[in-house]
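Me: I have a chain open here and want to go through it with you. Can you take a few quick questions?

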Amino acid sequence: MAFQSIRQFYVEIPPVTRFYTTACVLTTLVVHLDIVSPLQLYFNPTLILRKLQLWRLATTFLFFGSSVGITFFFNIVFTYRYCRMLEEGSFRGRSSDFVTMFLFGATLMIFFGMFVNLLFLGQAFTLMLVYVWSRRNPGVRMNFFGVMNFQAPYLPWVLLCCSMILGNTIWVDIIGMGVGHIYYFLEDVFPFQRNGYKFLKTPNFLKLLFNEHIDRNYQPLPEDRPGGFNWGGDDGQPPADNNNAEEGALNAEAARDPQQDHNQRDIPVAVVN
């Protein structure tokens, strides 16, 4: 009975989140069991280009530490949580677009990783997911260990401050937030500027792979578009662009699942290094 419940829970995880978190867990387990050495997994441009060890381009995002302990557990939960909330939120029904974000973010991180001495980019990748989620959910209230309350867009900066206080390298946070901001700007800001256009195009084979319509074009909700979060202003309501935007926001609010909205209103945060 317990096995069936676990299996049902696993099957209900969105496909991209399920694949990525499973790959992270399995990669860490094979290292913990001494089947594979971390030296075979870390990001090394020289070995990738000269020895054609191309698997390092993927394994650098999958390894979260050789020891399977409390730190690894919280890192995986943190990654799983925000990855799933993104896939079930703004990427609902658009798993192919979610994979495109993965590929775009990983490519940029690999490029930046050539100039920064980071062996593993998994935590930076998680920060990218957190950043995109926080910008697309500006109204969600966060709770930091029951001590401090803040709105979701401040979450990446809180994590950055925690890394600085704990004496950890901040390049992981900076790269993750930087890549996340580049994606957010190209996807949610630039297309709606004057003479703007959608820069990132999802390949048709990914849409066919996930059985999605090829001609589907994502239009963010008004509250997800630039200007949807008032940074320090007196008025907490986002400005409406026009009457259609107001009507679209009202329709979206009416169609939102009340239970899901309740679950995402006050989210506690645990920072693990």
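Me: Over residues 101-134, how much of the chain is helix, and how far apart are the end C-alpha atoms?
Reply: This is a predicted model. Residues 101-134 are 76% helix and 0% strand, with 15 Å between the end C-alpha atoms.

Me: Where does UniProt place the feature "transmembrane region"?
Reply: The unreviewed UniProt entry puts that feature at residues 20-43, 55-80, 101-134 and 154-186.

Me: And what does the span 154-186 look like?
Reply: Residues 154-186 are 82% helix and 0% strand, and their end C-alpha atoms are 20 Å apart.

Me: Which residues of α8 are buried?
Reply: In α8 the buried ones are L155, P156, V158, L159, L160, C162 and S163. After α8 comes G167, which has a positive phi near 80 degrees.

Me: Next, the core. How many residues does the largest nonpolar core have, and which have the most contacts inside it?
Reply: That core has 58 residues, and F98, M101, F102, M109, F125, L129 and W133 have the most contacts inside it. Two or more residues each come from α2 (15-32), α5 (70-88), α6 (95-113), α7 (122-136), β1 (141-144), α8 (155-165) and α9 (171-189).

Me: What does L129 touch, leaving out residues up to four places away in sequence?
Reply: L129 touches C83, L86, F98, M101 and F102.

Me: C83 is a cysteine. How many disulfides are there?
Reply: The count is zero. For C83, the closest cysteine sulfur is in C24, 8.8 Å away, which is too far for a bond. C162 is in no disulfide either, and its nearest cysteine sulfur is that of C161, at 7.1 Å.

Me: Are C83 and C162 buried or exposed?
Reply: C83 is buried, with a relative accessible area of 0%. C162 is buried at 13%.

Me: Change of topic. How many aromatic pairs does a search of the whole structure find?
Reply: The search gives 16. One of them is Y82 with W133, an edge-to-face pair with centres 5.1 Å apart and 75 degrees between the planes.

Me: What does the pair of Y82 and W133 tie together?
Reply: Y82 is in helix α5 and W133 in helix α7, so their pair links parts 51 residues apart in sequence. Y82 is buried at 1% relative accessibility, and W133 is buried, also at 1%.

Me: What about F185 and F190, what sort of pair do they form?
Reply: A tilted one, 6.1 Å centre to centre with 35 degrees between the planes. F185 is partly exposed, with a relative accessible area of 37%, and F190 is partly exposed at 23%.

Me: Which residues form one aromatic cluster?
Reply: Y20, F61, F91, F98, F102 and F125 do. Among them, F98, F102 and F125 are also listed with the most contacts inside the largest nonpolar core.

Me: Now the strands. In what sense do β1 and β2 pair?
Reply: β1 and β2 (residues 148-151) are antiparallel, paired over four bridges. F144 has M148 in β2 as its bridge partner. Three residues lie between the strands of this hairpin, where F145 has a positive phi near 55 degrees.

Me: Last one: S95. Where does S95 lie, and is S95 buried or exposed?
Reply: S95 lies in helix α6 and counts as buried because its relative accessibility is 10%, with the cut-off for buried being under 20%. Leaving out residues up to four places away in sequence, S95 touches P15, V16, E87, F210 and E212.

Terms used. Residues are numbered from 1 along each chain as its sequence is written. This is a predicted model: local features need pLDDT of at least 70, side-chain atom pairs count only at pLDDT 80 or more; totals for chains, interfaces and linings use all residues. Side-chain values use heavy atoms; hydrogens and water are left out. A nonpolar core is a set of buried Ala, Val, Leu, Ile, Met, Phe, Trp, Tyr and Cys residues joined through side-chain atoms within 4.5 Å. Buried means under 20% relative accessible area, exposed over 50%, partly exposed in between (1.4 Å probe, protein chains only). Contact means heavy atoms within 4.5 Å. UniProt positions are given in the numbering used here, feature names are shortened, and annotations may be inferred rather than shown by experiment. A disulfide is a pair of cysteine sulfur atoms within 2.5 Å. Two strands pair if DSSP finds at least two bridges between them. Rings of Phe, Tyr and Trp (its six-membered ring) pair if their centres lie within 6.5 Å; planes under 30 degrees apart count as stacked, over 60 as edge-to-face and the rest as tilted.
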